[in-house]
Amino acid sequence: MNTFQKNESKETLFSPVSIEEVPRRPPSPPKKPSTKICGSNYPLSIAFIVVNEFCERFSYYGMKAVLTLYFLYFLHWNEDTSTSIYHAFSSLCYFTPILGAAIADSWLGKFKVLSLVGLSLIALGTGGIKPCVAAFGGDQFEETHAEERSRYFSVFYLAINAGSLISTFITPMLRGDVQCFGEDCYALAFGVPGLLMVIALVVFAMGSKMYNKPPPEGNIVAQVLKCIWFALSNRFKNRSGDIPKRQHWLDWAAEKYPKQLIMDVKALTRILFLYIPLPMFWALLDQQGSRWTLQATRMNRNLGFFVLQPDQMQVLNPLLVLIFIPLFDLVIYRLVSKCGIHFSSLRKMAVGMILACLAFAVAAAVEIKINEMAPAQPGSQEVFLQVLNLADDEMKVTMLGNENNSLLIESIKSFQKTPHYSKLYLKTKSQDFHFHLKYHNLSVYTEHSVQEQNWYSLFIRKDGNSISSMMVKDTESKTTNGMTAVRFVNTLHKDVNISLSTDISLSVGEDYGVSAYRIVQRGEYPAVHCRTEDENFSLNLGLLEFGAAYLFVITNSTNQGLQAWKIEDIPANKMSIAWQLPQYALVTAAEVMFSVTGLEFSYSQAPSSMKSVLQAAWLLTVAAGNIIVLVVAQFSGLVQWAEFILFSCLLLVVCLLFSIMGYNYVPVKTEDMQDPADKQIPHIQGNMINLETKKTKL
């Protein structure tokens, strides 16, 4: 018997029922007392959620850290294709949260999305995890523990950055420092993050019985879209001048949808309008894993006390995030406030955009300096040629053109190291050159054919009582993508098998056989094991540096025995990778001011019913930013430094537009998001019923 219903007053005010009511949230089951952590007010279930998030972020960022170099080195795609596929994958990962939020709100609920969908596939799984896991953790707290819930989000963000920090440091080491089948061990680099995903699933499932699992609230995304569509279509149908105008275009949905929903959608659209310029910021920020990693491959990664992998530089971002967040909150923002400057959220975001512009300007300057130190590339109807004298005395070489004019005259000593390649100009795409070789009293004429935009080595050797030459085409492009490459010339009269490591070996044919280039690890090679059919010996190759390509000529000297003559075909990377530190510091400061502040601003301005939609829309701007990078990488055709300048200038223009939009934006207070008339009706929030009535007699 319900006495409350019996004595209900007829004077109670109710709001009118619309034609189409918003689906009501199913009643929540009684909340059972949750187990706390060590006598605190923190639910024990939070521990499982935080550990799950750490493992999931370790898996995602660890796999993503090595992805670009996997495309470049293992699949042998070019830099533009590697960049495009990397950002296509990132875009998909940030687009799927729209689907994840819709499924979680309308069908499965946050818990089932995490365990059944979110941990199944990486791209689709991250869409299930991102819009759910943070809010699901917040659902574990009781309303009376708001302070603990606020601290939980700090711990949650710490778990994200800790997983990212550790994975971006360890996974590149698993790739580069471990050899699998003679190459970098990508199987291990991808396998460990996969194992962490399994651990994440197990840990999350272990806490299943402890979780507070609110039922689905209905598909708020669909409700918003239907409300907007009805308002637009209703406005179009009633476009006659005789019909009175309404204050806002969404007011045309009043015939079908509740006033509170319309007010919530109004607040949502105001924020989404500010989201329009945001993708350009993410287009710059997410290039740390693609273009900036590729830039690092062309730099010297030896710091003296430690040798970095190119994809390990990404560890600076989560590390600096952990440093900058308390620095900005406790020091910088307070100093600005004491100076009497009102540093609003939108102003912080605009400053973040400017810092990102500066970061890419610095990246462009670094790229220009790298190009200045790199060897020049042959252009159209050009070739580069080096002449190597493997005879036992000086040789005079004259190269003749088609009209017997001398194009190159050099006197080369025995085993003389040429300081550089000589540039030759062709009349067509391919051309024959005639060489006059003079050695003591011997004079020989020979002919070799070359093709444009290639590098060649002309080997001259004594052949009994005569001399001969052979033209060898070097690498297609004189770059090793930051790797160390070696090749061998065997002057012995028997084949030589060379073991560069436990997984890398090659065989060089007898009598001036030339091997192809092989990629090896950077480091010292004091005793490389070699074997012929009748003896074993060792060669000292010395230090092999990053980005260099070396030629080793195996000779047998009467005085010194078997040894390797070392020539540097491609000079090593000279610019230190430490020069990337300023651009990482600037872009991380930009992220702290833009991303953290942007989420805080969005949540403060959005109605509670629209927060999941808003979070998915925020992630959708990240997806759009990655698509921008994909398009520019595929179709711009710009050199890398010019592409960096392009992105910097585009974001500067977008920052100006965003500043104008933010200047005209009027922030709303939380109490203003609710219609006064709707405050009289029952509001159900979680398991609490708040009745606000007038003259109600009980």
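The protein contains 19 helices and 23 strands; helices (H or I, at least four residues) and strands (E, at least two) are DSSP runs, numbered from the N terminus. This is a predicted model, in which local features need pLDDT of at least 70 and side-chain atom pairs count only at pLDDT 80 or more, whereas totals for chains, interfaces and linings use all residues. Residues are numbered from 1 along each chain as its sequence is written, and side-chain values use heavy atoms, with hydrogens and water left out.

**Confidence**

- The average pLDDT of the protein is 80, and 79% of the residues score at least 70; pLDDT is the predictor's confidence in each residue, from 0 to 100.
- Among the elements, helix α13 (residues 279-285) has the highest mean pLDDT, 95, and strand β23 (residues 688-690) has the lowest, 35.
- Where pLDDT is low, the predicted coordinates should not be read in detail.

**Overall burial and contacts**

- Of the 698 residues in the protein, 49% are buried; buried means under 20% relative accessible area, exposed over 50% and partly exposed in between, with a 1.4 Å probe and protein chains only.
- Among contacts between residues at least 6 apart in sequence, 70% join residues at least 24 apart.

**The sheet β5-β4-β7-β8**

- Four strands form an open sheet in the order β5-β4-β7-β8, with antiparallel pairing; two strands pair if DSSP finds at least two bridges between them.
- Its edge strands, each pairing on one side only, are β5 (406-412) and β8 (442-451).
- Neighbouring strands of this sheet are turned by 20° against each other on average, direction ignored.
- Strand β4 (residues 395-400) has five of its six residues buried, so it is largely enclosed by the rest of the structure.
- β4 runs antiparallel to β5, with six bridges between them, and Met-399 has Leu-408 in β5 as its bridge partner.
- β4 also runs antiparallel to β7, through five bridges; here Leu-400 stands opposite His-434.
- Strand β7 (residues 430-439) is joined to β8 by 10 bridges, again antiparallel, and His-436 stands opposite Tyr-445 in β8.

- In strand β3 (residues 382-389), eight of its eight residues are buried.
- In a regular strand the side chains alternate between the two faces of the sheet.
- Glu-382, Phe-384, Gln-386 and Leu-388 point one way from β3, while Val-383, Leu-385, Val-387 and Asn-389 point the other way, and all are buried.
- β3 and strand β6 (residues 422-425) run antiparallel and are joined by four bridges; Lys-423 in β6 is the bridge partner of Phe-384.
- With strand β9 (residues 454-463), β3 pairs in the parallel sense over seven bridges, and Asn-389 has Ile-460 as its bridge partner in β9.

**Packing of helices α16 and α19**

- Helix α16 (residues 345-373) and helix α19 (residues 640-663) pack at an angle of about 170°, with axes 8 Å apart; axes are lines fitted to C-alpha atoms, for helices over the stretch in contact, and angles run from 0 to 180 degrees between N-to-C directions.
- α16 and α19 are therefore roughly antiparallel to each other, the term for angles over 145 degrees.
- The contact of α16 with α19 has 20 nonpolar, five polar and one charged residues; Ala, Val, Leu, Ile, Met, Phe, Trp, Tyr, Cys and Pro count as nonpolar, Asp, Glu, Lys and Arg as charged, and the others, Gly among them, as polar.

Note on methods. Parallel < 35°, antiparallel > 145°, perpendicular 65-115°, else oblique. Contact = heavy atoms within 4.5 Å.
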